[in-house]
Amino acid sequence: MKKNIMNFVKIAGLIFILSFIFVSCVSVESFPLDGVPMTSEQIIDEELSLLSNPFVFIDYEALPLASTYSVTNFFFEDGAKMIIAPFQWSNLVTTAAGYARVVNGNHAGHLGQEMTLNNVRMDFDFPIAPNRVIFCYGDLGGNVNLLINGNLKNSADMMDFDGSTINGVDVFVTEIPVTGGVQGIVLLKGPINTLEVGGQEFFMDHVGFKN
């Protein structure tokens, strides 16, 4: 009888230890010490602070200011190929008549040059298959497109995708109002095989990628 009790105590103790280890591992990525789920802003800040695994950033500084690109045009920066792709309006009609242009207006909330997307999407072909992508954006009107791993999402605002999962990729968005629209940051966490981002009066900058 005593032997059975001792065996039960040992098993219970082992289960407790394993449970503690499991909870601790989960807590490191998803929860602060108080056990409250992290906000999107906290998750983004944590990802940016991981100096042991930094992002490679595309800032569009290597491109000539005011250079303009139509659908099917492409260019390279930091090992990534970016192709201008058609855009889907809010009525689900697709257009190939838009353009992308290099500007310098701080509309996306980051210093230096940025890319404005006018009724087009930017199709990213990264030199690696990233598990993390982050970018700054500004939205001054119209709808937006977010295509991840072949799944196209169409909405009035990037913020609508916050907290969602698209084809195995978690989406975190923060956003603030600015004159004429909004500025924000998008973080994508998960295996990203294809990625396209676009809008009507949309600006992108400081696009980071990493494993």
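1. **Confidence first.** pLDDT is the predictor's confidence in each residue, on a scale from 0 to 100. What you have here is a predicted model, and the protein averages a pLDDT of 88, with 84% of the residues scoring at least 70. The stretch to watch is residues 1-30, where the pLDDT is below 50. Beyond near neighbours in sequence, residues 1-30 have eight contacts in the model. Where pLDDT is low, the predicted coordinates should not be read in detail.

2. **Glu47 and Arg132.** Let's turn to the charges. Four salt bridges come out of a search of the whole structure. One of them joins Glu47 and Arg132, whose closest N and O atoms are 3.2 Å apart. Glu47 belongs to helix α2 (residues 40-48) and Arg132 to strand β10, so this pair ties together parts that lie 85 residues apart in sequence. As for burial, Glu47 has 5% relative accessibility, so it counts as buried. Arg132 comes in at 17%, under the 20% limit, and therefore counts as buried too.

3. **Glu47 and Lys210.** Glu47 has another partner to look at: its side chain meets that of Lys210 in a salt bridge (3.0 Å, N to O). With Glu47 in helix α2 and Lys210 in strand β17, the pair ties together parts that are 163 residues apart in sequence. Lys210 is buried, its relative accessible area being 3%. What else does the charged end of Lys210 do, and over which ring does it sit? The ring is that of Phe55, and the charged end lies 4.5 Å from its centre.

4. **Glu196 and Arg121.** Here the side chains meet in a salt bridge at 2.7 Å, N to O. Glu196 sits in strand β16 (residues 195-199) and Arg121 in strand β9, so the bridge ties together parts 75 residues apart in sequence. Glu196 is at 13% relative accessibility and so counts as buried; Arg121 is buried as well, with a relative accessible area of 10%. Stepping back to the bridges that share partners, they join Glu47, Arg132, Lys189 and Lys210 into one network.

5. On to the rings. A pair of aromatic rings is described by the distance of the centres and the angle of the planes. With ring centres required to lie within 6.5 Å, the count is eight aromatic pairs. In one of these, Phe124 and Phe126 have their centres 5.5 Å apart and their planes at 10°, so the pair is stacked. Phe124 is buried at 4% relative accessible area, and Phe126 is buried at 10%. How are the rings of Phe126 and Phe209 arranged? Their centres are 4.8 Å apart and their planes are at 40°, so the pair is tilted. Phe126 lies in the loop between β9 (120-125) and β10 (132-139), while Phe209 is in strand β17, so the pair ties together parts 83 residues apart in sequence. Both Phe126 and Phe209 are buried.

6. **Other aromatic features.** Tyr60, Tyr69 and Phe75 make up one aromatic cluster. There is also a lysine over a ring at Phe74: Lys81 lies over its face, at 4.4 Å from the ring centre.

7. **His206.** A last stop on β17 (residues 202-210), the strand that holds His206. With which side chain does the side chain of His206 make a polar contact? The partner is Asp59, at 2.7 Å. Leaving aside residues up to four places away in sequence, His206 touches Phe57, Ile58, Asp59, His110, Ile134, Phe135 and Cys136.

Notes: Residues are numbered from 1 along each chain as its sequence is written. This is a predicted model: local features need pLDDT of at least 70, side-chain atom pairs count only at pLDDT 80 or more; totals for chains, interfaces and linings use all residues. Side-chain values use heavy atoms; hydrogens and water are left out. Helices (H or I, at least four residues) and strands (E, at least two) are DSSP runs, numbered from the N terminus. A polar contact is a pair of N or O atoms within 3.5 Å; within protein, one must be able to donate a hydrogen and the other to accept it, and residues adjacent in sequence count only if both atoms are side-chain atoms. Contact means heavy atoms within 4.5 Å. Rings of Phe, Tyr and Trp (its six-membered ring) pair if their centres lie within 6.5 Å; planes under 30 degrees apart count as stacked, over 60 as edge-to-face and the rest as tilted. Buried means under 20% relative accessible area, exposed over 50%, partly exposed in between (1.4 Å probe, protein chains only). A charge sits over a ring if NZ of Lys or CZ of Arg is within 6 Å of the ring centre and within 35 degrees of the ring normal.
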